[in-house]
Amino acid sequence: MLDLGCGSGAFTTFAARAAGEQGKVYAVDIQPMMLQQLESKLARTEHQDITNIELKQASAYNLPSKMGLLTWYTWSPCFKKYLI
Ligand SMILES: C[S@@+](CC[C@H](N)C(=O)[O-])C[C@H]1O[C@@H](n2cnc3c(N)ncnc32)[C@H](O)[C@@H]1O
């Protein structure tokens with residue numbers, strides 16, 4: 001899954017748990033400070049079970065190509081089988 005503009009992670013932990021052990025969440029934000037806040041959130045005791053989040057500092061307009069594809073697949077129900 002791609003949590004684009006994740007901020008401090010209001011939805012990221014929910015997404016990670018929904019993705020499950022076989023899934024992965026890319027948490028992307030343009031502001032490094034937001035990712036630092038998310039990192040602090042993930043360091044809390046109650047989130048120690050979450051291991052499937054990868055934080056990336058990037059602009060939505062200049063995503064690594066793999067994430068661009070993820071966005072497209074995520075937004076296209078017909079292609080859900082291709083979700084990574
Ligand atoms: C209103 S906050 C939402 C945060 C979180 N998703 C939530 O629902 O609480 C929008 C976030 O999008 C990020 N953002 C804005 N423009 C962006 C861009 N072009 N690329 C990546 N992130 C961006 C901001 O840094 C901010 O953290």
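The mean pLDDT of the protein chain is 85, and 79% of the residues reach at least 70. Helix H2, residues 32-42, has the highest confidence, at 98. Helix H3, residues 65-75, has the lowest, with a mean of 60. Over residues 78-84 the pLDDT falls below 50. Six contacts beyond near neighbours in sequence are made by this stretch in the model. Where pLDDT is low, predicted coordinates should not be read in detail.

The three strands form an open sheet in the order E1-E2-E3. Their pairing is parallel. Strand E1 (2-4) and strand E3 (53-57) are the edge strands. Each has a single partner strand, so one side of each lacks a neighbour in the sheet. Neighbouring strands are turned against each other by 20° on average, direction ignored. Strand E2, residues 25-29, is joined to E3 by five bridges. Within this pair, Tyr26 has Glu54 of E3 as its bridge partner.

Two helices were examined against the sheet. Helix H1, residues 12-19, packs on the sheet and touches E1, E2 and E3. The direction of H1 makes about 160° with that of E2. Helix H2 lies across E2 and E3. The angle between H2 and E3 is also given, at about 160°.

Leu4 belongs to strand E1. This residue has 19 C-beta neighbours inside 10 Å. Burial requires 20 or more, so Leu4 counts as partly exposed. The C-alpha atoms of Leu4 and Val25 are separated by 9.9 Å, with the two residues 21 apart along the chain.

Across the protein chain, 23% of the 84 residues are buried. Contacts were also sorted by sequence separation. Of those between residues at least 6 apart in sequence, 61% join residues at least 24 apart.

Methods: Residues are numbered from 1 along each chain as its sequence is written. This is a predicted model: local features need pLDDT of at least 70, side-chain atom pairs count only at pLDDT 80 or more; totals for chains, interfaces and linings use all residues. pLDDT is the predictor's confidence in each residue, from 0 to 100. Helices (H or I, at least four residues) and strands (E, at least two) are DSSP runs, numbered from the N terminus. Two residues are in contact if their C-beta atoms, placed from the backbone, lie within 7 Å. Two strands pair if DSSP finds at least two bridges between them. Axes are lines fitted to C-alpha atoms, for helices over the stretch in contact, and angles run from 0 to 180 degrees between N-to-C directions. A residue is buried if 20 or more other C-beta atoms lie within 10 Å of its own, exposed if 12 or fewer, and partly exposed in between; C-beta atoms are placed from the backbone.
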